[in-house]
Amino acid sequence: MTVQPARTFTCKLITACLAACLLPIALPMLPATAAPGYKPPSRKSAQRTEGTGRRSGNTKRCAQDLAVPLTLVMPEVTADSLPETTLAEPPLYVYLAKPKTLAISLVELPPVGSQIKGSTPIWKDTQAVQAGIVQINYPANQRPLEIGKTYTWMVEIDCGPQPGLLPDEKRYTSPTKTTISRVKAPEALQSQLKRATSARQRAAIYAEAGLWTETLTAIAEAAAVENDPAADQDLQALLNQVGLKKIADREKASILPETKPVVAPSPATTPTPKVSAPAKPTDPKKPCH
């Protein structure tokens with residue numbers, strides 16, 4: 001499993017998802033300048049979500065130094081809506097205010113009416129990750145998600161061996177969880193994507209269809225490949241829309257241009273024009289901030 005740091009979200013996010021054969025959705029065409037407006041998909045009554053927990057973790061033990069708790073960059077699971085994807089191997093996005101070691105696992109939820117205890121993770125791993133929005137790629141050698149089934153991501157912070165605490169589970173913070181369902185895409189999806197004129201437009205189509213992962217990927221493409229200046233604003237708007245304002249604010253602060261402070265001239269000296277230092281030149285090989 002590969003972990004990518006992301007304030008550079010728009011650069012790193014694109015790597016795994018573009019290769020995952022994203023599918024368009026059959027919706028009316030949107031103008032090229034349209035910004036994504038995520039519409040949560042309606043929840044299917046047969047989908048089980050018991051025990052899926054919350055997408056934001058606690059700040060106990062080694063997580064006490066986090067300004068923002070470990071958070072899964074996903075919409076909340078509600079009684080009326082459950083995040084969906086058409087991807088067989090979707091990446092997971094998490095936010096960390098500081099570098100930490102994460103224990104990640106993916107569990108298939110049993111159908112409604114069956115026993116939920118004793119579910120074996122499809123896969124699990126432990127990785128050290130950097131701060132920011134982090135992309136965790138789906139392992140290529142693991143069983144992909146199946147259409148019509150629902151899964152739970154579980155992420156914990158691994159604090160390492162704790163003095164005086166013998167049980168192994170004491171080294172972890174409580175799990176941060178979210179649920180996702182894989183759905184089948186209509187046959188007309190490819191033709192709709194071909195009619196889109198930009199990655200930002202495809203992001204709007206995916207958002208309208210309630211495909212969160214695909215929306216983030218298209219925004220990443222708009223920034224990293226097409227150098228669309230509106231991509232960062234689209235990302236912040238999406239985060240705000242699903243209740244991730246703290247993360248949106250921190251992401252916004254990380255991409256503001258750097259300027260040197262201007263010192264007012266002394267009354268005894270000749271005034272000089274106040275000129276802000278120009279923004280740092282962009283490295284053409286690094287299209288993201």
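This is a predicted model: local features need pLDDT of at least 70, side-chain atom pairs count only at pLDDT 80 or more; totals for chains, interfaces and linings use all residues.
**Entry 1**

Which residue meets the side chain of lysine 149 in a salt bridge? I found glutamate 108 there, with 3.3 Å from N to O. I then checked where the two sit along the chain. Glutamate 108 belongs to strand S5 (residues 100-108), while lysine 149 is in the loop between strand S7 (132-136) and strand S8 (150-157). The two are 41 residues apart, so I noted this as a link between distant parts of the chain. Glutamate 108 is also partly exposed, at 21% relative accessibility.

I wanted the total next, and the count comes to 12 salt bridges. I looked up two others.

One joins arginine 171 to aspartate 158, and their closest N and O atoms are 2.9 Å apart. Arginine 171 lies in the loop between S8 and strand S9 (176-182), and aspartate 158 is in the loop between S8 and S9 too, so this pair ties together parts 13 residues apart in sequence. Is each partner buried or exposed, or in between? Arginine 171 is partly exposed at 23%, whereas aspartate 158 is buried at 14%.

The other is between the side chains of aspartate 234 and arginine 200, at 2.5 Å from N to O. Here two helices are involved: aspartate 234 is in H6 (residues 231-241) and arginine 200 is in H4 (residues 199-209), so the pair ties together parts 34 residues apart in sequence. I checked burial again. Aspartate 234 counts as buried at 5% relative accessibility, and arginine 200 is buried with a relative accessible area of 12%.

Then I went back to my starting pair.

**Entry 1: Aromatic rings**

How many aromatic pairs does a search of the whole structure find? I got 3.

The rings of tryptophan 123 and tyrosine 138 have centres 5.7 Å apart and planes at 75°, so I wrote the pair down as edge-to-face. Tryptophan 123 is in strand S6 (residues 121-129) and tyrosine 138 is in the loop between S7 and S8, so the contact ties together parts 15 residues apart. Both tryptophan 123 and tyrosine 138 are buried.

Tryptophan 123 pairs with tryptophan 153 as well: the centres are 5.7 Å apart and the planes stand at 75°, so this is edge-to-face. The partner, tryptophan 153, lies in strand S8, so this pair ties S6 to a part 30 residues away in sequence. The accessibilities are 4% for tryptophan 123 and 2% for tryptophan 153. My summary is that ring pairs link Trp123, Tyr138 and Trp153 into a cluster.

**Entry 2: The sheet**

S5, S6 and S8 kept turning up, so I looked up how they are arranged. They belong to an open sheet of 5 strands, ordered S3-S9-S8-S5-S6, with mixed pairing. Which strands stand at the edges? I found S3 (84-85) and S6 there; each has a single partner strand, so one side of each is left without a neighbour in the sheet.

Last, I checked S5 against S6: they pair in the antiparallel sense over 8 bridges. I also noted lysine 100, which stands opposite valine 129 in S6.

Note on methods. Residues are numbered from 1 along each chain as its sequence is written. Side-chain values use heavy atoms; hydrogens and water are left out. A salt bridge is a side-chain nitrogen of Lys or Arg within 4 Å of a carboxyl oxygen of Asp or Glu. Helices (H or I, at least four residues) and strands (E, at least two) are DSSP runs, numbered from the N terminus. Buried means under 20% relative accessible area, exposed over 50%, partly exposed in between (1.4 Å probe, protein chains only). Rings of Phe, Tyr and Trp (its six-membered ring) pair if their centres lie within 6.5 Å; planes under 30 degrees apart count as stacked, over 60 as edge-to-face and the rest as tilted. Two strands pair if DSSP finds at least two bridges between them.
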